[in-house]
Amino acid sequence: MADWKKNDRIQVIIEDLSETGEGIGKTDGFTWFIKDTVIGDHVEAKAMKVKKNYGFAHLEQIIKPSESRITPLCPVAKQCGGCQLQTMSYEEELRYKERKIYGNITRIGGFQDVPMLPIMGMDEPWRYRNKAQFPWGLDKDGKPVAGFYAGRTHAIIGCEDCLLGVEENREVLGRIKAHMERYHLAPYDESTHKGLIRHTLIRKGFQTGELMVCQVINGNQLPHSEELVKSLLEIPGMTSISLNVNKEQTNVILGNKVENLFGPGYITDYIGSVQYRISPLSFYQVNPVQTKKLYETALEYAGLTGGETVWDLYCGIGTISLFLAQKAKKVYGVEIVPQAIDDARENARLNGIENAEFFVGKAEKVLPEQFEKNQVYADVIVVDPPRKGCDEKCLETIVKMGPKRVVYVSCDSATLARDLKYLAESGYELVRVRGCDMFPWTTHVETVVLMSRVKVNTMF
Ligand code: SAH
């Protein structure tokens with residue numbers, strides 16, 4: 001095996017992509033990770049960091065491009081870093097995401113047969129985000145500009161029309177910029193903690209067309225705010241305009257205080273026939289088109305006929321719970337963030353859903369407590385945990401409760417695979433696995449899994 005060192009030139013064919021989207025190629029069994037490459041590319045690269053069995057190299061030249069290589073649609077895709085996969089065709093991206101799920105479930109989960117259904121991709125994989133948060137800064141001529149932070153610096157690269165976001169974003173930002181110029185309002189500068197105008201948060205209800213603008217400020221008020229309101233109201237669909245006060249020296253975007261400037265303080269949207277109220281601080285899935293497919297799949301896997309008792313763990317604002325409640329006898333939701341549970345209850349009320357009940361707390365605490373104290377029962381348990389997956393105590397209780405079906409919605413197929421292994425070793429079998437692409441052009445992918453109980457629980 002060759003002894004590689006920094007600055008060596010290598011030539012490789014890219015054979016795979018890593019979890020984070022770097023191309024992987026091999027020279028005599030030595031593995032190279034090379035950013036900005038695509039499977040099938042023949043490239044020349046320069047060694048940057050060399051370890052014992054692998055190294056990182058910088059792309060110098062594409063000797064022969066892959067057939068799936070495409071020109072990024074977004075002119076700043078490379079500098080922004082928000083999208084990692086814009087140089088690869090969408091079909092190839094979907095295949096990559098399926099392989100990633102399959103790879104984790106076989107390698108980490110130890111499953112040999114994976115009952116996989118085709119990944120659910122988007123017909124139109126652009127402008128899918130209903131939410132955008134743009135920071136403000138100054139361009140090289142000293143004029144305000146919205147965009148994204150360049151690498152790890154405080155400089156902003158102008159980009160007022162992210163192609164993942166809605167077209168109205170540009171219009172909103174243009175009007176805010178005009179207001180800043182007219183009244184000499186400075187953008188916030190992270191390094192000096194001076195300047196008033198921080199991020200602009202924009203949300204759109206895709207089903208209702210309602211728009212929300214929430215301007216974050218490093219101060220208590222926005223000069224001449226009534227004029228900005230007037231200007232923003234000329235944009236069709238404008239429903240809610242507010243200020244958010246964030247005077248902290250932090251990279252957290254929103255502060256806790258919202259001051260309403262126009263409208264009811266929220267917008268409304270639908271996923272399927274369930275209505276949701278979205279305020280500036282509330283969590284809501286960012287890709288509503290794919291969220292509907294994801295939840296419909298979860299609902300299908302839950303196999304509800306109307307008589308079931310269902311637990312929805314990690315329920316957020318109750319989105320999946322309310323979806324399930326339409327077909328179940330009773331749904332219990334559990335979520336750690338109290339405000340999210342307030343929203344969940346409010347959303348239930350809004351939809352006249354009376355068979356959903358919510359608990360605030362950790363799934364791994366609430367579920368065992370309820371099971372031990374009240375002997376609660378479940379026909380179906382749905383989980384949708386954060387990246388780190390389920391706590392073992394939670395899985396242990398699920399197994400003790402012995403529901404017929406477990407539906408696992410996951411944003412990280414590695415921890416998913418680990419948890420599926422636990423369930424498989426405790427009497428559940430893998431029935432269905434399906435990917436859902438919620439974030440086209442990025443390396444992230446969601447997975448929905450159905451596991452069914454195969455034998456009667458012998459643990460109690
Ligand atoms: N199912 C929801 C949200 C899923 S995101 C939806 O589709 O909209 C995961 C959620 O788990 C977040 O809301 C997070 O606050 C919550 N969470 C994180 N750790 C938790 C824990 N230990 N117990 C319960 N909820 C938790």
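Predicted model: local features only at pLDDT ≥ 70, side-chain atom pairs only at ≥ 80, totals over all residues.
Residues are numbered from 1 along each chain as its sequence is written, and side-chain values use heavy atoms, with hydrogens and water left out.

**Domains**

Let's start with the overall layout. The protein is assigned domain 1 (9-64), domain 2 (95-123 + 287-453) and domain 3 (131-271); such bounds come from an automatic or database domain assignment. Between domain 1 and domain 2, the C-alpha centres are 37 Å apart. To their contact (heavy atoms within 4.5 Å), domain 1 brings 7 residues and domain 2 brings 5 residues.

UniProt, in an unreviewed entry, lists "domain: TRAM" at residues 3-61. UniProt positions are given in the numbering used here, feature names are shortened, and annotations may be inferred rather than shown by experiment. That span is 61% strand and 0% helix, and its end C-alpha atoms lie 22 Å apart. Helices (H or I, at least four residues) and strands (E, at least two) are DSSP runs, numbered from the N terminus.

**The second largest pocket**

On a 1 Å grid over the protein atoms alone, a pocket is an open set of points where a 1.4 Å probe fits, with protein on both sides within 12 Å along at least five of seven lines, and its lining residues have an atom within 4 Å of a point. The second largest pocket comes out at about 670 Å³, where grid points are joined across faces, edges and corners and the volume is the space filled by probe spheres set on the points. It has 29 lining residues, and K35, D36, T37, K78 and Q84 are the closest to its centre.

Which elements each supply at least two residues of this lining? They are β3 (30-34), β5 (54-64) and α1 (77-80), and β5 gives the most, with 5 residues. Sorted by class, the lining of the second largest pocket has 16 nonpolar, 8 polar and 5 charged residues. Here Ala, Val, Leu, Ile, Met, Phe, Trp, Tyr, Cys and Pro count as nonpolar, Asp, Glu, Lys and Arg as charged, and the others, Gly among them, as polar.

**Annotated residues**

Next come residues picked out in the UniProt record. The unreviewed entry puts an "active site" at C411. C411 is found in the loop between β21 (405-410) and α10 (413-424). Skipping neighbours within four places in sequence, C411 is in contact with P385, P386, R387, V445 and E446.

The "binding site" annotation, also from an unreviewed entry, covers Q285, Y314, E335 and D384. Take Y314, in the loop between β17 (309-313) and α6 (319-325). Its contacts, not counting residues up to four places away in sequence, include V334, E335, A363, D384, P385 and C394. D384 sits in the loop between β20 (380-383) and α9 (392-401). Beyond its neighbours within four places in sequence, D384 is in contact with L313, Y314, I320 and V409.

Are these residues buried or exposed? The table gives the relative accessibility of several residues, where buried means under 20% relative accessible area, exposed over 50%, and partly exposed in between (1.4 Å probe, protein chains only).

| Residue | Relative accessibility | Class |
|---|---|---|
| C411 | 21% | partly exposed |
| Y314 | 16% | buried |
| D384 | 17% | buried |
| N7 | 46% | partly exposed |
| R127 | 22% | partly exposed |
| T192 | 45% | partly exposed |
| K292 | 33% | partly exposed |

**Other spots to look at**

The remaining table entries deserve a quick visit. N7 is not a glycine, yet has a positive phi of about 75°; you'll find N7 in the segment before β1 (9-17). R127 is not a glycine either, and has a positive phi of about 50°. Look for R127 in the loop between β6 (116-120) and β7 (131-134).

T192 lies in the loop between α3 (168-182) and β11 (197-204). T192 and Q249 are 57 residues apart in sequence, with their C-alpha atoms 9.4 Å apart in space.

K292, finally, is part of helix α5 (residues 288-302). Where does the chain bring I271 relative to K292? Their C-alpha atoms are separated by 5.8 Å, although the two are 21 residues apart along the chain. Leaving aside neighbours within four places in sequence, K292 is in contact with I271 and G272.
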